[in-house]
Amino acid sequence: MEQTRKMQRTIIGYIPAESPMYALHPVARLILFLATGLLPLFIEAPEYNVLFIIIIFFMLKYSHVNLSRLKIFLPMMITVGIIINLTYFFFPINTEEGLIIFSIGRFNAHFHSFMWAMSIYIRIIALLLASIFYFSTNRERDILVGFRTLGFPFIVSYFFGLILRSAGIFLEDYAIIREAEQARGLDVRNLSFGGKVKHFSMYLVPLFTLSIRKCEDISIGLFSKGTELSGKVDGKKRPDYLKHKMKLQRTDKWIIATIIAASLAVVYFDLVVDSFSLENAWLYRTLRHTWFNL
Amino acid sequence: MNAIEIKDLIWRYEGRETPALKGINLEIEENQFIGVIGPNEAGKTSLVAAIKGIIPENYNGIYKGDVKLFGKLNRDSSPRELARTVGMVFADPDAQFTSMSVEEEISFGLENIGCDVEEIGKRLEWVCKLTNIEGLLEKPPYDLSGGQKQRVAIASIIAMKPKIIILDEPTSMLDPISKDMVFDLLRIMKEQLNLTVIVVEHNVEKLVELADKLILVHDGQIEKYGATETFFDDLDFISEKSIRVPGAIKFMHMVNASRNKGEHSPIQLEEIEKTVKGYLKGDE
Amino acid sequence: MEKSKIIEVKDLVFCYPDGTKAIEDISIDFYDGEFIAFIGTNGCGKTTFSKCLNGILKATSGTIKVNGIDVVHTKDCTELVKNIGYVFQNPDHQLFNNNIYDEIAYAPRNLRIPEDEVKQRVTEAAAIAGVTPEVFEEHPFFQVKGIRQRIAIASILSLRPKVIIVDEPTTGQDYKQSIEVMEFLKMLNEKHGHTIIIITHEMDIVAEYAKRVVVMTGGRVLSEGSVQEVFAQTELLEKANIKPPQVTRLAQRLESVGFDNNIISPEKMFEQWRQLAKQPVGK
Ligand SMILES: Nc1ncnc2c1ncn2[C@@H]1O[C@H](COP(=O)(O)OP(=O)(O)OP(=O)(O)O)[C@@H](O)[C@H]1O
Ligand SMILES: Nc1ncnc2c1ncn2[C@@H]1O[C@H](COP(=O)(O)OP(=O)(O)OP(=O)(O)O)[C@@H](O)[C@H]1O
Ligand SMILES: [Mg+2]
Ligand SMILES: [Mg+2]
């Protein structure tokens, strides 16, 4: 059959069939993920994190990720935003300054709390987008190879792999069972919320029975492939074909070095120079100036 | 030398009243192609699982008797030693897919038995060509059709080059020509690599072409064990045991019965063709 | 005799979400009361095609009409399942109730059919499928494969669909059980007037039971026709990785001595042999 596919399925969603990202070694991608996801947590100033988000968007675009799939995260992003803002509205911090944007009844919207909520929100969004980016450009095996190259022992990656595989089997069975229900006239759209819950609990019985059966089968499969739970074979280190096949290239090394250097710089400027604190942020000071003339 | 020796093997699954294997005695010589046939629930899978050592290793139950592979008791061997001697392909290809891509699936077993990475690369290439799955290496299990999964399962075992290969209904989901390809492959492997091949199959047609000997399992016992050539001489006995007799053999028997001269019925398609042509010529 | 069309498929295309074009372009009609077999290469789209027919998968483009209902655009799944039922290859995927009675009653209950009629339908479907009322209280999961398969079929039968599609009904079954399943489908076809579609890789089964064969390859229909017609086209079949049944191949090898090349059963073959062998005797 002719090759027409544009995307490839993973447990979590889809990844593009082709992407410039695939030229990078999994470990470079993993480090990129760790940096893009974790660095914003060090940075309080919203404008830098917005910059981060923009960069991630460019990377998504550049890697051919289907951006329309991001829509499904929109409700979640909005809900998180509302929750964070409400929390800081009702439980404000650093109120002694007394800068109030507006009031409802006896509740006041404090300027500092508002800015703090915004800072946290944007950091969460950055982390979320970085995760989406990572899981939209990496398959299960890239993730595993990434971890193994970072030096995680065989046992860890073995169990992680098995968990992924079981999750895959579970989801596959779930999808087929849903199709089977549909074939027998069940229209989920017509069910009330209570009905949906009850009906989901009905799935669980066959799903778990099937899963248990299949897990038994898999353990037999592992046995028959001669699996022994140690990182050694006949006293030598266990060979690792994928890790061997995917070698770090010059570009990978450069990228990793750059990311690490940049991360160290960010941490340095944050902890020692304190460049990224909220109070020093350009946005914070501008808004403070425009609203309160301070 | 005998590749497999089974003595007085009795096996009962926990929670079952009757044993699944009721006193099996069996000797299989090295470098033979053995077909195992029999009705559902007869104990075929249990028998081959006992050879591989899955029984008693992975199941609870009562086990009596000995299974020896090349003279060594299989319950004394470690999983790794067993994997080097005997490989098994299961009926349900999903069941043994333990990794997230075809490439990993095949290399995983090779890593387990300690092949070095260069060798793994070579064997991957070799086995993918043999089983015709070159285009699938990157794919995860849920992107393969049933037939493709079966092929990958077979490839991952062949790659380990064990001395005995057991296949439990390995081609049930394959289309006819792919079925042939798998069987022909097994034949080539048997000859080139000096393997002992054991195939459990409901489809007798292909076994008849390739197997040196057939085993008929029925109700936990070995009902008949003998050369393929003469296995179908008593057709009624075979059909009684819920075995589908291939059409051409059935026809040949009808012909010989109607001639009533006590001729032996051949079972290979070419021979049947020759015999029938011969009869027609001779009768003229 | 003019038979009425039960399924009309026109320019059907189906792509999976990841872009795999599993059905390239299929146009075909099926008639009321036919016994049809889909055969073809692994991955040629047989399963996908049948899932499109009963609306589990929504066609990407083209039209499918089952008994006049537009499968692709209908919002009313219940009308659809009353007309066409699909039995999955692995019965374990469609058994999710705690006892066999509920299992068979599940589909009619989904259609909000009154409970006394449900009961009547369950009894009827179970009787047809050979599931005895004594086991109604047992758990479907712990039956042997043959029985599980029948429960799966019975649970579709209780919908009384006009068309029943069964995906690989004989895989992993021995001769006796295969025959039982197939005889059962044959009975549904002949006595109860259901249109039956089976998907299978076993050509003996096709030869013995199907009336019409659809050969598929690469998401298209390569050829179709009666069993004899299709199995006589050896070269074409090879493109779809199909080998005719063994007797047919023997007959084709013996064509030069007077056998027909489209024989599909040993009995028929023997009949011809008698004629051929007796001719010289009669001289
Ligand atoms: N895991 C198990 N636990 C309990 N009983 C089992 C188990 N597996 C098989 N049995 C029982 O052991 C007997 C032999 O089963 P086995 O699977 O060996 O038969 P088989 O010849 O392979 O059948 P099939 O053709 O259906 O694969 C059967 O009665 C079966 O019910
Ligand atoms: N969920 C899916 N996502 C993407 N591609 C799929 C999916 N299911 C099947 N395919 C692909 O669609 C094509 C048709 O698959 P289908 O299962 O219909 O084949 P089939 O004719 O039933 O094969 P088999 O004889 O092996 O059962 C195959 O190439 C398969 O890889
Ligand atoms: Mg079995
Ligand atoms: Mg299929």
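A residue counts as near a molecule or strand if one of its heavy atoms lies within 4 Å of it. In this predicted model, local features need pLDDT of at least 70, side-chain atom pairs count only at pLDDT 80 or more, and totals for chains, interfaces and linings use all residues. Side-chain values use heavy atoms, without hydrogens and water.

**View 1. Ligand 2 sits between chains A, B and C.** Around ligand 2 there are 18 residues. Those that come nearest are Gly43(C), Gly45(C), Lys46(C), Thr47(C) and Thr48(C). Helix H1 (residues 46-53) of chain C gives the largest share of the shell, three residues. Helices here are DSSP runs (H or I, at least four residues), numbered from the N terminus.

View 2. A polar contact is a pair of N or O atoms within 3.5 Å. A polar side-chain atom of Thr47(C) is 2.6 Å from an oxygen atom of ligand 2. The side chain of Tyr16(C) places an N or O atom 3.4 Å from a nitrogen atom of ligand 2. The protein covers 85% of the 640 Å² of accessible area (Shrake-Rupley method, 1.4 Å probe) that ligand 2 has on its own.

**View 3. Domain 1 (5-241) and domain 2 (245-278) of chain C.** The bounds come from an automatic or database domain assignment. The C-alpha centres of the two domains lie 32 Å apart. Eight residues of domain 1 are in contact (heavy atoms within 4.5 Å) with seven residues of domain 2.

Terms used. Residues are numbered from 1 along each chain as its sequence is written. Chains are lettered from A and ligands numbered from 1 in the order in which they are written. A polar contact is a pair of N or O atoms within 3.5 Å; within protein, one must be able to donate a hydrogen and the other to accept it, and residues adjacent in sequence count only if both atoms are side-chain atoms. Helices (H or I, at least four residues) and strands (E, at least two) are DSSP runs, numbered from the N terminus.
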